Amino acid sequence: MTSVSILLSCVAAQLGMAVLAVPIARSASSTPIIYGASLVFSVIAFVIAFAYLATALPAAEASALVLPLGLPWLGSHFRIDALAALFLVIVNLGGALSSLYGLGYGRHEHAPHRVLPFFPAFLAGMNLVIMADDAFTFLISWEFMSLASWAMVMAHHRDAGNRKAGYLYIVMASFGTLALLLAFGLLAGADGNYGFAAMRMSEHTPFTAGLVLILLLLGAGSKAGLVPLHVWLPLAHPAAPSHVSALMSGVMTKVAVYAFIRVIFDLIGAPTWWSGVIVLVLGGGTAVLGILHAMMERDLKRLLAYSTIENIGVIFVGLGLALAFKANGMDLAAALALTAALFHALNHSFFKSLLFFGAGAVLTATGERDIDKLGGLIHRMPVTSFLFLIGCVAISALPPFNGFVSEWLAFQAILQSPALPQWGLKILVPAVGGLLALSAALAAACFVKAFGVIFLGRPRTIVAEQALEVDRFSHAAMSVLAALCLFAGILPGIVIDGLAPVTLSLIGDRMPVQTDIPWLSIVPVAESRSSYNGLLVFLFTLFSASLTAYLIHRFASRRLRRAPAWDCGFPEVDPMTQYGGGSFAQPVRRVFGTLIFWARERVDMPAPGDLRPAHFAVETHDLIWEGLYLPIAGAVGFVAEKLNHLQFLTIRRYLSLVFLALVFLLLVLALWS
């Protein structure tokens, strides 16, 4: 059997498990059966995809298969090349670990029958999107993936917030599918060549290529979370169960990134330099706005969802750089930028899944997502706190973990921008680099806030004080992801070389072979310019920390001493007086908030002698939601109310309306031809 055949067999098995879950979902044994089977099939698919990627060569033939399904004259085409294999690794590794996590987390699920049938279907849909080799199969799989994830967002539909999240998600998903449908229609042309192979061989005018780029940014960008199409993420991701949130945020957004790369780098032909400008601007703005929103959040899962938007921005900055360099014939720089984007996509699937798993563990133990109602969990949940800390360090791009390497590679690509011939790019790329640096600094502050308020200090509520550690399945899934964050950080050369077949197939060049460099260092361009050694950084950090601990325990007093903390003149100490999420956010809010959030602070301070309590309130606004989406929703409601009169027409007016619509469509078809 070929690789495609085995992977399609795994997909068929996952669809079979989705069907089986319907009658057994209410039984006690359904959770281990469905999640256990999903784990097995995801592991098999991961091994096949990883083996294909590890052995992929530039001249290797892609594995393909055609099934007699779909459009009668087309069939359903499936294909695996290096790019598809990489994203199949991401999807199935994330699916396997989410299934492992679900074995423990699923026992606490209030309505498992609303989740179990759709979980394996969601995994199958993501696999089918990546393997699809024609537009019809791609769009059907894309919509199937969206509907399966929407069903799990709506699992707890009795909550009004979840219903709102599900409604907004399905609207944005439908909008994205429509944009992709139009993009593939333009690529297929008047001849209707819906196979990717035919699209790849066709010549596309710059005007068509520009329209396709815009439609892909709308279609794939809405699913990935590009600003201003991001509004569904902070609602839908928290509404779903935590292991589903990890899949949606850590994995499904990468399927959207795959769709963008597949079309723009593979199907559409040679890029233009201005396409890189558009992607760079959107990526840089997305990164900064995403992390600023995350900094303001008190809801842990919403914070992580906004952080996903920031990381998607980082990925698209890398893709924009790759387009700009490729359009100017700078293939080595383009390979570096694309490697940085792909590496960050892989890294984000690791640490964001880990953090959502940690959020699920906190939610299971306390029932709280409001970080200001937690605190002191490091004593009650030491394993979870340690693993969550690793995720926080990794996502903050601190060495020696993986987030640092991919962002460092992105900055190395930015440093190649002076060689670009267009002055617009010469000015824009350093500016985007500044936005990237700002987002990295804000990300570190954001996750200092998240970890410090949740796990350090003293419990602020009874539920935090009485929390207990979660199950071993959850710890096992988080431990694997934490180990991967460390591995990709200290041995990045292995990962970079593993990504080389992808850059070779899309760019025609690759970064230098990293595993041949002494001491396991990585050298993006030339050793005279820059290099990094994650292993040495890790060993130095480990040695210096161990030496410090030894010296303290060897020469300092071992006696345990307890003394009252400095009370700032307030002897009545209360846990609620600790530094909270709002305390961390206030300086950032005062710097950026008046412009970006229209933040207003209202202080009601009673006069001396007045016994009323003082009152402090902060008002912030989401300008994109209020300035873009609310007017659109109002306009749609107005038009719908007016069009409502159409249902009361007579039969003669209906027939006239149908006739006019037919004439209009025939005119459009004539002009198109």
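**Note on the predicted model: pocket, ring cluster and loop geometry**

1. The lining of the largest pocket is made up of ten nonpolar, eight polar and eight charged residues, where Ala, Val, Leu, Ile, Met, Phe, Trp, Tyr, Cys and Pro count as nonpolar, Asp, Glu, Lys and Arg as charged, and the others, Gly among them, as polar. This is a predicted model, in which local features need pLDDT of at least 70 and side-chain atom pairs count only at pLDDT 80 or more, while totals for chains, interfaces and linings use all residues. Residues are numbered from 1 along each chain as its sequence is written, and side-chain values use heavy atoms, with hydrogens and water left out.

2. The space in the largest pocket comes to about 700 Å³. On a 1 Å grid over the protein atoms alone, a pocket is an open set of points where a 1.4 Å probe fits, with protein on both sides within 12 Å along at least five of seven lines, and lining residues have an atom within 4 Å of a point. Grid points are joined across faces, edges and corners, and the volume is the space filled by probe spheres set on the points.

3. Of the 26 lining residues, Met296, Glu297, Arg298, Arg302 and Thr620 lie nearest the centre of the largest pocket. Helices H9 (233-239), H11 (273-296), H12 (300-327), H22 (581-596) and H23 (623-643) each supply at least two residues of this lining, and H22 gives the most, with five residues. Helices here are DSSP runs (H or I, at least four residues), numbered from the N terminus.

4. Glu297, one of the residues nearest the pocket centre, sits in the loop between H11 and H12. With a relative accessible area of 14%, Glu297 is buried (buried means under 20% relative accessible area, exposed over 50%, and partly exposed in between, with a 1.4 Å probe and protein chains only). The side chains of Glu297 and Arg302 are joined by a polar contact of 3.2 Å, the term standing for a pair of N or O atoms within 3.5 Å, of which, within protein, one must be able to donate a hydrogen and the other to accept it, residues adjacent in sequence counting only if both atoms are side-chain atoms. Leaving aside neighbours within four places in sequence, Glu297 is in contact (heavy atoms within 4.5 Å) with Arg302, Leu303, Tyr306, Ile371 and Lys449.

5. Turning to the rings, Phe, Tyr and Trp (its six-membered ring) pair if their centres lie within 6.5 Å, with planes under 30 degrees apart counted as stacked, over 60 as edge-to-face and the rest as tilted. By this rule there are 16 aromatic pairs. Phe138 and Phe196 form a tilted pair, 6.3 Å centre to centre with 55° between the planes, and this pair links distant parts of the chain, since Phe138 is in helix H5 (residues 135-153) and Phe196 in helix H7 (residues 196-201), 58 residues apart. Both Phe138 and Phe196 are buried.

6. Phe196 also forms a stacked pair with Phe184, at 5.7 Å centre to centre and 25° between the planes. Because Phe184 lies in helix H6 (residues 160-188) and Phe196 in helix H7, the pair ties together parts that are twelve residues apart in sequence. Phe184 is likewise buried, and ring pairs link Phe138, Trp142, Phe184 and Phe196 into a cluster.

7. The loop between helix H15 (382-395) and helix H16 (402-414) holds Ser396, which is buried at a relative accessible area of 8%. Beyond neighbours within four places in sequence, Ser396 is in contact with Ala440, Ala443, Ala444 and Phe447. Ala397, found in the loop between H15 and H16, has a positive phi of about 60° although it is not a glycine, and counts as buried at 14% relative accessibility. Pro400 is also placed in the loop between H15 and H16, and a cis peptide bond with omega of about 10° joins Pro399 and Pro400.

8. Most residues other than glycine have a negative phi, and most peptide bonds are trans. Two further sites may therefore be checked against that background. A cis peptide bond, with omega about 10°, joins Val227 and Pro228, and Pro228 is found in the loop between helix H8 (206-224) and H9. Leu520, a residue other than glycine, has a positive phi near 60°; Leu520 lies in the loop between helix H20 (492-506) and helix H21 (534-555) and is partly exposed, with a relative accessible area of 39%.
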